[in-house]
Amino acid sequence: MPTRLLFSILLVAGAVATTARADGLPLLTDDAGLRGIATPAGFNYVTIGDHDRTVVARISPKQRIVASRFLPGRFTIPGVAYDGSAGGLSADGKTLVLIRPRVAFPRATTPFVILDPRSFRVRAMVTLRGDFSFDAISPDGSTLYFIQYLSRTDPTRYAVRAFDRASGRLLSEPIVDRAEPDEDMHGNPVSRATSANGRWAYTLYDGGGKMPFIHALDTVGHDAHCIDLDALAGNPKLPQLRLRLRNEVLSVVDGSKALLAVDVNSFRVKKPGQAPVPSGGTTPWLPIGAGGVGLLAVLGALSLLVRRRRLAPT
């Protein structure tokens, strides 16, 4: 690979990692294409492209491109939290959702595309009126969830909306905590953890200057629960905290130290001991080293494919 191309990929990958950790407006840079999203078998879906074309690829655990396809327009694997978490792949492995990456706030429309991740066949191309970012997907891919931004000046004001694939429409009512239906949600998505079966998506929010909370989204039942985290109010390290899910216990961790534990059946919060927390939850994008260079080489090859496609005569 040419040195200049590899250097460019390194710069882009570094910029993505920095953005993913930033504490700012909710996912105004929701492009997780270079990080990609992994399957339980170790395959990775990535996207790379420019303003008018995109290549989506499936990468093997040995860092080889096993399938790829060009798409018209710019689409990406969506980011769902600032810890680098990505979304869009259903738990059954049969649906992959890509979204148009954000270039400004607010945007008038939000395009996304639904693919078969095995063949990369386009199943649907949809454009929502208004400003949305991707949030989650049900295990069978029948329902997609989006964050709808409600204010042109305050992007921490939002609602969770469900999109029914069968009808091709948003459900009429936002997804709310039925115990507190009138409570407004504010804040930035700090970290994400997802249950092994793909049904539950747990997101740590900083509260937008108010009470931090975990948003527990039931992607099958079209329901949600907001779990207030009083003990984290005013914590200066909140943007660096992470969610970890293990044995039906959801932990808020600072490095290897658990700060809070939530029982995912009762949603009760307690302070655990200071024992080290096992790794789990978010699967980060590969760093440079121990396979990371291999992934960068693959991304470089995809970037070269996009460049050649752009320069090829039509």
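Which residue in β7 does I114 stand opposite? I found A124 across from I114.

Before going further I noted the ground rules. This is a predicted model, in which local features need pLDDT of at least 70, side-chain atom pairs count only at pLDDT 80 or more, and totals for chains, interfaces and linings use all residues. Numbering starts from 1 along each chain as its sequence is written, and side-chain values use heavy atoms, with hydrogens and water left out.

**Entry: the sheet.** I took strands as DSSP runs of E of at least two residues, and helices as runs of H or I of at least four, numbered from the N terminus. Two strands pair if DSSP finds at least two bridges between them. β6 covers residues 109–115 and is joined to β7 by seven bridges, the two running antiparallel.

**Entry: the cores.** I counted as a nonpolar core a set of buried Ala, Val, Leu, Ile, Met, Phe, Trp, Tyr and Cys residues joined through side-chain atoms within 4.5 Å. Buried means under 20% relative accessible area, exposed over 50%, partly exposed in between, with a 1.4 Å probe and protein chains only. The largest core has 19 residues, and Y202, I214 and L250 are among those with the most contacts inside it. At least two core residues come from each of β12, β13, β14, β17 and β18. β13 gives the most, three residues. I listed contacts of L250 (heavy atoms within 4.5 Å), leaving out residues up to four places away in sequence; they include A193, Y202, I214, L243 and L260. A separate core of 15 residues includes I175, M185, Y205 and L217.

**Entry: two prolines.** Is P117 buried or exposed? P117 is buried, at 0% relative accessibility, and is in the loop between β6 and β7. Beyond four places in sequence, P117 contacts Y45, R58, L89, G93, K94, T95 and L96. Its C-alpha lies 6.1 Å from that of K94, 23 residues apart along the chain.

P40 sits in the loop between β1 (37–38) and β2 (44–50). P40 is exposed, at 88% relative accessible area. I noted 9.5 Å between the C-alpha atoms of P40 and A196, which are 156 residues apart along the chain.
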